[in-house]
Amino acid sequence: MNAPVKAVSWQERARALQFRTQAFIDGRYTDAASGATFDCINPATGKLLARVAAGDQEDVNRAVAAARAAFRKGGWSNLPPVERKRILQRFADLISSHTEELALLETLDMGKPIRDSLKGDMPAVARCIRWYAEAIDKVYDQVAPTGPNALATITREPMGVVGAIVPWNYPLLMAAWKIGPILAAGNSLVLKPSEKSPLSAIKVAELAVEAGIPPGVLNVVPGLGGTAGKALALHMDVDCIAFTGSTATGKQIMQYAGQSNLKRVSLECGGKSPNIVLADYPDLDRAAKAAAYAIYSNAGEMCSAGSRLLVHESIKDALLEKVQAVSRKLQPGDPLDPETRLGAIVDDIQMKRVLGYIDSGRNDGAELRFGGRRVREDSGGYFVEPTVFEGVKPAMAIAREEIFGPVLSAITFRNVEEAIEIGNDVIYGLAAAVWTRDVTTAHRVARALRAGTVYVNCYDADDLTVPFGGYKQSGIGRDKPLHALEKYTELKTTWLDLS
Ligand code: NAD
């Protein structure tokens, strides 16, 4: 009789895990030219996880040169789309078959629950690459209606070398939203992951080469924002920067483009999204659960987090009671425990920032209804309780600034017009939601909200078929479906005289 197979815990798997820690340039792993490294800390324990190559200007130069050479050589850029499709599909398959390893890397690196990285993020990464693989041989160019004496074609061509700079909150998924369309369109790529979460991107680079993507087409240069990121955004031979991160860094990226070669810039930045619950919405249990998950998913480290709960004054107490009940069940736990729903905050700096906002809410006169403390301190990690403020006024910092933590600011309103006004009264415009049973009101409010995505009677619904991005200072351009291809291609008119 076979002995029963012993389940291996995620903690045991984590102990056995090997980390890739070097840059990946021209198809090979390599140390930073300077030999420098930076520390990757496990936010659930505060302990050192790995020392990772700290790329700087010289490494970026090498990566851009490799990307340009690969682009010129044409082994990827000139490949028929159907061939790129085949290889990208293999790449997606390899990501799928490495799901557990990649999920573990992300959970250790940035503290999100293993159930999220395993069941949510990594499958979404593979789906994204596969979506662009499948799409790219179905994209047609155009012929202009010029008349009989000319043939004018409007074609899309890859831009050349694209630099992608991405954040730590969904490390590989945010990278995949870039990698998919950038590579499908035939570009070469230099990817700079966040210094807080570089491990999954470093690993995935070798899978790209294994899938058949030629060396030099996908390069990964880990490093600090102010050195590697800046060098990439200032580089004279980078045609385009695809950025996801904070609005403050987005503004710097635009300046770097202006200071260098006027490279194209697309930005996916921060948010302070309003989640508006009108008095006529009948199912407060549903609205409360969604409101809680809108702010506690990914520990609130989510650009589209529903961080402002705008609630009609007549249902405020009833709704917050229910939000509080959900919050109580969502206590932070070990990210490697499959039962954990709320993981660690990415690092000490971010945790202090979140706690600083909680202090500022109290000092500004908001009422702390629930949570507000650091917890699990004995673990050495960085955990913050689900936190709910009520009595928040639109002028307070906790109502205006992106906290990027599990902190909900509840604001009351008296009528729909006021809700719209408060909803729009921030510098951001990434997402918004409205809950109502009235279809006319739903359309009217959705139209009035200045946000890239408006949810009606739901929050954070998502699919690869819909674009994602922001109005106002939440960004420029859109990620996902075919809209993203516009960011990474040049439009060419070719006029042929037939007279
Ligand atoms: P961040 O701006 O600090 O860093 C993002 C990336 O930029 C990192 O790779 C970092 O190293 C790099 N960087 C930092 N300074 C740089 C510089 N001077 N030059 C070039 N690169 C530089 O943001 P973060 O803290 O990593 O991520 C959180 C932010 O990302 C939040 O504001 C969140 O809303 C935003 N975000 C937006 C979206 C979206 O789709 N709109 C998605 C995820 C995250």
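**Entry 1: the ligand's surroundings**

I began by noting that this is a predicted model. Then I turned to the ligand and counted its neighbours: 29 residues surround it, and the closest are Val166, Glu195, Ser246, Thr249 and Glu402. I sorted the shell by residue kind and got 14 nonpolar, ten polar and five charged residues.

Next I looked up individual atoms. Val166 uses its backbone here: one of its N or O atoms sits 2.7 Å from an oxygen atom of the ligand. Thr249 brings its side chain instead, with an N or O atom 2.7 Å from a ligand oxygen. For Glu268, I found a polar side-chain atom 3.5 Å from an oxygen atom of the ligand. I also checked how covered the ligand is: alone it exposes 840 Å², and the protein buries 90% of that.

Which elements give two or more residues to the shell around the ligand? I listed α8 (225-234), β10 (240-244) and α9 (247-259). Of these, α9 gives the most, with four residues.

**Entry 2: Glu268 again, in a salt bridge**

Lys487 pairs with Glu268, and their closest N and O atoms are 4.0 Å apart. Lys487 sits in the loop between β23 (475-476) and β24 (489-497), while Glu268 belongs to strand β11 (residues 264-268), so this pair ties together parts that are 219 residues apart in sequence. Are these two residues buried or exposed? I found both Lys487 and Glu268 buried.

**Entry 3: two more pairs**

Arg86 and Glu83 form a salt bridge with the closest N and O atoms 2.5 Å apart. Both lie in helix α3 (residues 81-97), three residues apart, which is about one turn of the helix. Arg86 has a relative accessible area of 39% and is partly exposed; Glu83, at 27%, is partly exposed too.

My other pick was Glu417 with Arg444, whose side chains meet at 3.2 Å, N to O. This pair links distant parts of the chain, from helix α14 (residues 416-424) to helix α15 (residues 439-448), 27 residues apart. I noted Glu417 as partly exposed at 47%, and Arg444 as partly exposed at 43%.

**Entry 4: the wider tally**

Last, I looked for linked groups and found Lys316, Asp317, Glu321, Arg369 and Glu390 joined in a network of salt bridges. My count for the structure came to 33 salt bridges.

Definitions and conventions
Residues numbered from 1 in each chain as written. Predicted model: local features only at pLDDT ≥ 70, side-chain atom pairs only at ≥ 80, totals over all residues. Heavy atoms only, no water. Near = heavy atom within 4 Å. Polar contact = N/O pair within 3.5 Å; in protein donor to acceptor, adjacent residues only side chain to side chain. Areas by Shrake-Rupley, 256 points an atom, 1.4 Å probe, with all protein chains shown as cover. Nonpolar A, V, L, I, M, F, W, Y, C, P; charged D, E, K, R; others polar. Buried < 20%, exposed > 50% of the residue type's maximum accessible area, 1.4 Å probe, protein only.
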